Amino acid sequence: MQISGPSGRLGIALTLVLGLASVGFGAYSYTTQSTALDSAATVEGTITSTTIETHSNDGVSYTPRATFDYTYRGENYTSSKVYPGPLARDFDTERAARAELAGYEPGTAVTVYVPTGSPEQGYLERKRSNKPLILIGVGVLFVLGAGRSALT
């Protein structure tokens with residue numbers, strides 16, 4: 001089985017731009033997530049609501065959201081990030097997403113992790129996502145495909 005890459009200058013250019021954008025956003029997401037994990041201060045917060053967002057791109061996925069209030073260095077903040085970084089974790093089933101919200105009922109006191117450089121980006125779970133690395137990998141494949149097509 002042979003896979004052919006993009007053809008024509010426009011196709012190659014668009015594939016290259018898409019690949020570079022994917023690598024760039026993946027690297028940005030990885031750096032943001034790492035910084036949020038490495039520089040987090042902890043404060044107390046209170047859950048105000050929870051919800052499950054449903055997304056239907058190629059299939060259906062579910063993202064847990066917990067909205068909470070907290071105070072950091074005398075300033076009040078509200079966030080709904082369960083995990084650090086710009087790419088939300090999602091799950092294949094609503095049940096799995098709901099399981100991530102176990103213990104986060106409204107009114108519950110929680111520990112909030114606050115990135116010291118971005119205190120408005122507080123989050124609840126110190127878990128790393130592999131989504132940025134996948135995005136970088138996909139971007140590299142696009143760049144390599146464009147490069148191969150340009151050379152043939």
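The crossing of α1 and α3 is left-handed, a term used when the near helix is turned anticlockwise from the far one by less than a right angle. This is a predicted model, in which local features need pLDDT of at least 70 and side-chain atom pairs count only at pLDDT 80 or more, while totals for chains, interfaces and linings use all residues. Residues are numbered from 1 along each chain as its sequence is written, and side-chain values use heavy atoms, with hydrogens and water left out.

Helix α3 spans residues 131–151, and its axis comes within 7 Å of that of α1, the two crossing at roughly 155°. The helices are therefore roughly antiparallel to each other, the word used for angles over 145 degrees. Where α1 meets α3, the contact has 18 nonpolar, eight polar and no charged residues.

The UniProt record, an unreviewed entry, places a "transmembrane region" at residues 133–151. Over those residues 133–151 the chain is 100% helix and 0% strand, with its end C-alpha atoms 27 Å apart. The UniProt record also lists "domain: DUF3592" (unreviewed entry) for residues 43–127, and over residues 43–127 the chain is 8% helix and 46% strand, with end C-alpha atoms 17 Å apart.

The largest pocket holds about 170 Å³ of space. Its lining includes Tyr28, Thr32, Lys81, Pro115 and Tyr123, where lining residues have an atom within 4 Å of a point on a 1 Å grid. Helix α1 (residues 8–38) supplies the largest share of this lining, four residues, and by class the lining has five nonpolar, six polar and one charged residues.

Key:
1 Å grid on protein atoms, 1.4 Å probe; cavity = no way out; pocket = protein on both sides within 12 Å on 5 of 7 lines; lining within 4 Å. Points joined across faces, edges and corners; volume = space filled by probe spheres on them. Nonpolar A, V, L, I, M, F, W, Y, C, P; charged D, E, K, R; others polar. Axes fitted to C-alpha atoms, helices over the stretch in contact; angles between N-to-C directions. Parallel < 35°, antiparallel > 145°, perpendicular 65-115°, else oblique. UniProt positions renumbered as here; feature names shortened; annotations may be inferred.
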